[in-house]
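Open the structure in your viewer and keep the selection tool at hand. This tour goes stop by stop.

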Amino acid sequence: MSKETPPGINARLLSLLHHRAKTLRRGDGIGLPIAQTSTYFVPGPPEADYTYTRDGNPTWTAVETQLSILENAPAVAFPSGMGGIAAVLYTQLSPGDKIVLPSDGYFAVRALVNEFVQPLGIEVVAWPTASFDTAPINNAKLVWIETPSNPGLDTCDIKQIAARAHAAGALCVADNTTATPYLQSPLDLGVDIVASSDTKAMAGHGDVQTGHL
């Protein structure tokens with residue numbers, strides 16, 4: 001975790017609180033309506049923002065808009081945090097590539113990498129979060145950090161590691177599940193992609209399962 005205060009986070013929080021007011025019409029509900037449908041009425045040629053919920057849903061769009069305000073970057077929601085994490089791993093790594101990730105990070109991420117990604121011909125290097133500034137990232141394609149780590153809550157210097165990753169020609173991804181964008185903004189510190197399991201601290205109530213990149 002960096003000791004730097006995320007620039008602009010207070011402005012982002014204010015924007016999050018008030019952004020819907022800009023589009024509200026007289027009689028609209030203040031609370032965000034939840035679209036509970038799988039299909040949409042689209043007579044004629046299927047040219048519409050929404051046709052089938054698998055491809056898009058106004059509730060998802062609203063959630064992604066809110067997340068993008070907090071992250072100050074485009075956001076994509078997933079059915080779970082692991083769904084988003086898998087999307088990064090399977091789209092950014094190819095046989096012969098190398099990934100460096102925390103040896104003390106979230107167990108499900110390490111299990112996914114060890115059981116399904118490594119057998120594809122990916123070199124995997126696991127390194128403790130607390131000493132990640134010395135991790136061997138040479139020739140890496142992807143440098144994955146999780147700070148604070150789950151469950152040990154060890155931290156590392158996001159800005160320094162992102163700079164090292166880029167100098168080595170690697171992408172840097174930060175799992176920001178524990179801190180959330182309310183407390184930490186890895187993108188502002190040089191990270192390329194932020195991953196989050198919003199089932200946890202972001203939602204806070206244990207009543208949803210979702211994640212985002």
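The stops below cover helix pairs, a loop and pockets.

**Before you start**

This is a predicted model: local features need pLDDT of at least 70, side-chain atom pairs count only at pLDDT 80 or more, and totals for chains, interfaces and linings use all residues. Residues are numbered from 1 along each chain as its sequence is written, and side-chain values use heavy atoms, with hydrogens and water left out.

**Stop 1: α1 and α2**

Select residues 9–18, helix α1. Helices (H or I, at least four residues) and strands (E, at least two) are DSSP runs, numbered from the N terminus. Two packed helices are described by the angle between their axes and the distance between the axes. Here α1 and α2 pack at about 160°, with axes 8 Å apart. That makes α1 roughly antiparallel to α2. Angles under 35 degrees count as roughly parallel, over 145 as roughly antiparallel, 65 to 115 as roughly perpendicular and the rest as oblique. Axes are lines fitted to C-alpha atoms, for helices over the stretch in contact, and angles run from 0 to 180 degrees between N-to-C directions.

The crossing of α1 and α2 is right-handed. In a right-handed crossing the near helix is turned clockwise from the far one by less than a right angle; anticlockwise is left-handed.

Now show side chains. From α1, I9, R12, L13, S15 and L16 make the contact with Q66, I69, L70 and E71 of α2. Contact means heavy atoms within 4.5 Å. These residues divide into five nonpolar, two polar and two charged. Ala, Val, Leu, Ile, Met, Phe, Trp, Tyr, Cys and Pro count as nonpolar, Asp, Glu, Lys and Arg as charged, and the others, Gly among them, as polar.

**Stop 2: α3 and α4**

Select residues 81–92 for α3 and 107–117 for α4. Their axes come within 11 Å and cross at roughly 40°. The two helices are therefore oblique to each other. This crossing is right-handed.

Which residues of α3 meet α4? Pick M82, I85, A86, L89 and Y90. Across from them, in α4, are A108, V109, L112, V113, F116 and V117. The contact has eleven nonpolar residues, no polar and no charged.

**Stop 3: the loop from β4 to α5**

Select the loop between β4 (142–146) and α5 (158–167). Most residues other than glycine have a negative phi, and most peptide bonds are trans. Zoom in on T147 and P148: a cis peptide bond joins them, with omega about -5°. Move to N150 and P151, where the bond is also cis. Omega there is near 15°. Then click L153, in the loop between β4 and α5. Its phi is positive, near 65°.

**Stop 4: the pockets**

A pocket is an open set of points on a 1 Å grid over the protein atoms alone, where a 1.4 Å probe fits, with protein on both sides within 12 Å along at least five of seven lines; lining residues have an atom within 4 Å of a point. A volume is the space filled by probe spheres set on the points, which are joined across faces, edges and corners.

The largest pocket has a volume of about 660 Å³. Of its 23 lining residues, select the closest to the centre: V63, L67, D198, V208 and T210. Helix α2 returns here, giving the largest share of the lining, six residues. By class, the lining has 15 nonpolar, six polar and two charged residues.

Finish at the second largest pocket, of about 340 Å³. Its lining has 16 residues; R20, T23, L32, P33 and A62 lie nearest its centre. Six are nonpolar, seven polar and three charged in this lining.
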